[in-house]
Each structure stands twice: as C-alpha cells, then as structure tokens.
Amino acid sequence: MSTNRATTVSCPHCGHTNRVPVAAEGRPRCGHCKHPLPWLVDAGDDDFTEVAERADVPVVVDLWATWCGPCRMVSPALEEVATDLAGRIKLVKVDVDANPRLARRFEVQAVPTLLILDRGGTVARQAGAAPAPALRQWVEQSLTTRKG
C-alpha cells in the first residue's frame, strides 16, 4: 500500500503553511524557513505499518476513542509535545473504535493508551491522560532510555 495522503501544518516559527505527507522518509521541514515541523497524522488498520512502523523517527502513538473525555483532554497536550519536539518525534493518532485490529494488537484495555515506537518496536507504554509537561518528560525519558 502506498500512502499518498498529506496533512497541512502551519510552521510554528514563521506561520508558513506546509503540506506534510503522512508517510515519508526523513523529517518534515518548513519550505520557507527550514525549521522542523510538527508531524501529526492519523493512521488506521490499513496504513499503520507504513505510517508509524516504518518512520525514521520515534513515533508517539495515541490510541483513543471519540467518546472518551480524557482522550479529548490529552489530545491538545500531545499536539503541544509534538510541536515542542518537532523533528524528533512523529505523533500518530489511532481511533480504536474505527481500527479494532490495532486495538487488539496493542491490547488496549483503556483509552487513552500511549505508546512510543522505535522502528516498529514498542519502547514505552502508558495508559491515561496527563498534562503536557508530564507527557513531554515521559517522551524525552523514553527516548533517552532507548538510546542509552
């Protein structure tokens, strides 16, 4: 499967609007100022391998559901973390109700469930919502542990 979809991202540095593919090699950069862009995409049962597991950067996976209040609360915090760590991570959101194979594969018992994948392997897992500073600390600690 070839994923040709793209999202539109405003550069947090200059405001320029950029098209960012959901699956690509490398790390997205602003076409105007060349700063790293936050990489925020949706994935599902059919394209998760290409979008998340083959990514060149560590991937934070948000397994969520539309009916989940804590999921709606954690989403902006995760987007803030993805913006703060632009160029270092990719944020992939998966609606577990619409993608039951992924929910089963990752044994989702509660939502939100957050994972950090490195080349398809799970390096960290956390259930429940948390504020942006705690999420950022968890992501950075997981990335440091992964390298160490």
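Q: Between which two strands is the loop that holds Lys-34?
A: The model is predicted, so local features need pLDDT of at least 70 and side-chain atom pairs count only at pLDDT 80 or more, while totals for chains, interfaces and linings use all residues. Residues are numbered from 1 along each chain as its sequence is written, and side-chain values use heavy atoms, with hydrogens and water left out. Strands (E, at least two residues) and helices (H or I, at least four) are DSSP runs, numbered from the N terminus. Lys-34 lies in the loop between S2 and S3.

Q: What is the phi of Lys-34, a residue other than glycine?
A: Most residues other than glycine have a negative phi. Lys-34 has a positive one, near 70°.

Q: Is Glu-107 buried or exposed?
A: Glu-107 lies in the loop between H3 and S6, and its phi is positive, near 50°. Buried means under 20% relative accessible area, exposed over 50%, and partly exposed in between, with a 1.4 Å probe and protein chains only. Because its relative accessibility is 59%, Glu-107 counts as exposed.

Q: What is the omega of the cis peptide bond at Pro-112?
A: Pro-112 lies in the loop between H3 and S6. Most peptide bonds are trans. The bond that joins Val-111 and Pro-112 is cis, with omega about -5°.

Q: Which residue of S2 stands opposite Ala-6?
A: Two strands pair if DSSP finds at least two bridges between them. Strand S1 (residues 6–10) and S2 run antiparallel and are joined by 5 bridges. They form a hairpin with 6 residues between them, and Gly-15 in the turn has a positive phi of about 85°. Opposite Ala-6 stands Pro-21.

Q: Which residues make up the covered face of S2?
A: In a regular strand the side chains alternate between the two faces of the sheet. The uncovered face of S2 has Thr-17, Arg-19 and Pro-21. The covered face has Asn-18 and Val-20.

Q: Which residue's backbone nitrogen does the side chain of Asn-18 reach?
A: Asn-18 is in strand S2 (residues 17–21) and is buried, with a relative accessible area of 7%. Contact means heavy atoms within 4.5 Å. Leaving aside neighbours within four places in sequence, the contacts of Asn-18 include Thr-7, Cys-11, Arg-29 and Leu-37. At 2.8 Å, its side chain reaches the backbone nitrogen of Gly-31.

Q: Which residue of S6 is the bridge partner of Leu-63?
A: Strands of a sheet pair through backbone hydrogen bonds, either parallel or antiparallel. S4 and S6 run antiparallel, with 5 bridges between them. The partner of Leu-63 in S6 is Thr-113.

Q: How many residues are in the largest nonpolar core?
A: A nonpolar core is a set of buried Ala, Val, Leu, Ile, Met, Phe, Trp, Tyr and Cys residues joined through side-chain atoms within 4.5 Å. Among the members that touch the most others are Phe-48, Leu-63 and Phe-106. Elements giving two or more residues to this core include helix H1 (48–53) and strand S5 (90–95). The number of residues in the largest core is 31.

Key: A polar contact is a pair of N or O atoms within 3.5 Å; within protein, one must be able to donate a hydrogen and the other to accept it, and residues adjacent in sequence count only if both atoms are side-chain atoms.
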